[in-house]
Amino acid sequence: MSHGSLPPLALAYHAVGDVPLRDDPHGLFVRAEDLRRHIAKLREWGYRLVSFGVLARLAAAGQAGGHAALTFDDGFADNYEILTPLLAELDAQATVFVVSGWLGKPHRSAPSARIVSADELRALHEAGIEIGAHSVTHPDLSTLTYEESKSELEQSKRDLERELDAPVEVAAYPYGRASADTVRAARDAGFLAACAAMGLGSWDTPHHLPRQDMTNRCTLFGLRLKRDDRYEPLMRFAPARAARRLARAVR
């Protein structure tokens, strides 16, 4: 495929580390070597790697084709310790969406790992990584009212901007889900753009842009299916889910 014919693509990762699947029930970790392979394959296909904010601006202008964004949810400390030097080595950009109320605390679904401290958050920003908001307390915003969602998003934006002394223009919805009220709340909270996950959303809707989930041991074949937005539809079929379970058990 030529650069211009490639579909826009945003990938949703979380933590970076070599954690066995049996110890990672939520699939939150990606090995550094797998991330390297993903970046190499994206470039081999012809993608230009940009931050999520740049991708959102390109999408609004109808020019997002051929561009991809690496995004990392929650703000794991390894995003500073491992991801930052890896991106610098590969000359790649990324966006980290941070849960502002979790700074310096253990991650709720992976207690052995923690979220960045305020100092590490600033170091991420100073290293050129885009910082986005991921709420204050990580609720499923699709279950909240408009006012509750707006409060979570506005406060997260304020918290992060105070720490960084810089604008925070993009957001990601916890659990990748958003209702119509959630999308409206993100817009009214002052974000340029916001994104879901699981392939949900549309490139024509700035505050409900789609991302593809990248889980522990995701293969290059899986990456290709996600590039073409075929992975989630395929997983609706029981045989495909069974094949995925078998592959994970083997790995």
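The structure is a predicted model, in which local features need pLDDT of at least 70 and side-chain atom pairs count only at pLDDT 80 or more, while totals for chains, interfaces and linings use all residues. Residues are numbered from 1 along each chain as its sequence is written, and side-chain values use heavy atoms, with hydrogens and water left out. Helices (H or I, at least four residues) and strands (E, at least two) are DSSP runs, numbered from the N terminus.

**Helices α1 and α7**

- The axes of helix α1 (residues 32-45) and α7 come within 11 Å and cross at roughly 50°, where axes are lines fitted to C-alpha atoms, for helices over the stretch in contact, and angles run from 0 to 180 degrees between N-to-C directions.
- The crossing of α1 past α7 is right-handed; a crossing is left-handed if the near helix is turned anticlockwise from the far one by less than a right angle, and right-handed if clockwise.
- On the α1 side the contact is made by R37, H38, K41 and W45, and on the α7 side by L220, L223, R224 and R227, with contact meaning heavy atoms within 4.5 Å.
- The residues of this contact of α1 with α7 divide into three nonpolar, one polar and four charged, where Ala, Val, Leu, Ile, Met, Phe, Trp, Tyr, Cys and Pro count as nonpolar, Asp, Glu, Lys and Arg as charged, and the others, Gly among them, as polar.
- R227, which lies in helix α7 (residues 220-227), is buried with a relative accessible area of 5%; buried means under 20% relative accessible area, exposed over 50%, and partly exposed in between (1.4 Å probe, protein chains only).
- The side chain of R227 also makes a polar contact with the side chain of D228, at 2.9 Å; a polar contact is a pair of N or O atoms within 3.5 Å, and within protein one must be able to donate a hydrogen and the other to accept it, while residues adjacent in sequence count only if both atoms are side-chain atoms.

**Helices α3 and α4**

- The axes of helix α3 (residues 78-90) and helix α4 (residues 118-126) come within 10 Å and cross at roughly 20°, and the two helices are therefore roughly parallel to each other.
- α3 passes α4 in a left-handed crossing, and the contact is formed by N79, Y80, E81 and T84 of α3 together with E120, A123 and L124 of α4.
- By class, this contact of α3 with α4 has three nonpolar, two polar and two charged residues.
- E120, in helix α4, is buried with a relative accessible area of 11%, and, leaving aside its neighbours within four places in sequence, E120 is in contact with A77, Y80, E81, R114 and I115.

**Helix α2 and its surroundings**

- In helix α2 (residues 52-60), the residues F52, G53, L55, A56, L58 and A59 are buried.
- These buried residues of α2 pack against β1 (9-13), β5 (67-74), β6 (95-98), β9 (130-133), β10 (170-172) and β11 (193-195).
- After α2 comes G62, whose phi is positive, near 70°.

- A186 lies in helix α6 (residues 180-188) and is buried, with a relative accessible area of 0%.
- Not counting residues up to four places away in sequence, A186 touches L153, Y173, F191, A194 and H207.
- A186 and E154 are 32 residues apart in sequence and 8.1 Å apart in space, C-alpha to C-alpha.
- K157, found in helix α5 (residues 146-164), counts as buried at 14% relative accessibility, and K157 touches A133, V168, A189, G190 and F191, again not counting residues up to four places away in sequence.

- Most residues other than glycine have a negative phi.
- D74, placed in strand β5, has a positive phi of about 90° although it is not a glycine, and D74 is buried with a relative accessible area of 2%.
- H138, in the loop between β9 and α5, is a residue other than glycine with a positive phi near 65°, and H138 counts as buried at 11% relative accessibility.

Note on methods. Parallel < 35°, antiparallel > 145°, perpendicular 65-115°, else oblique.
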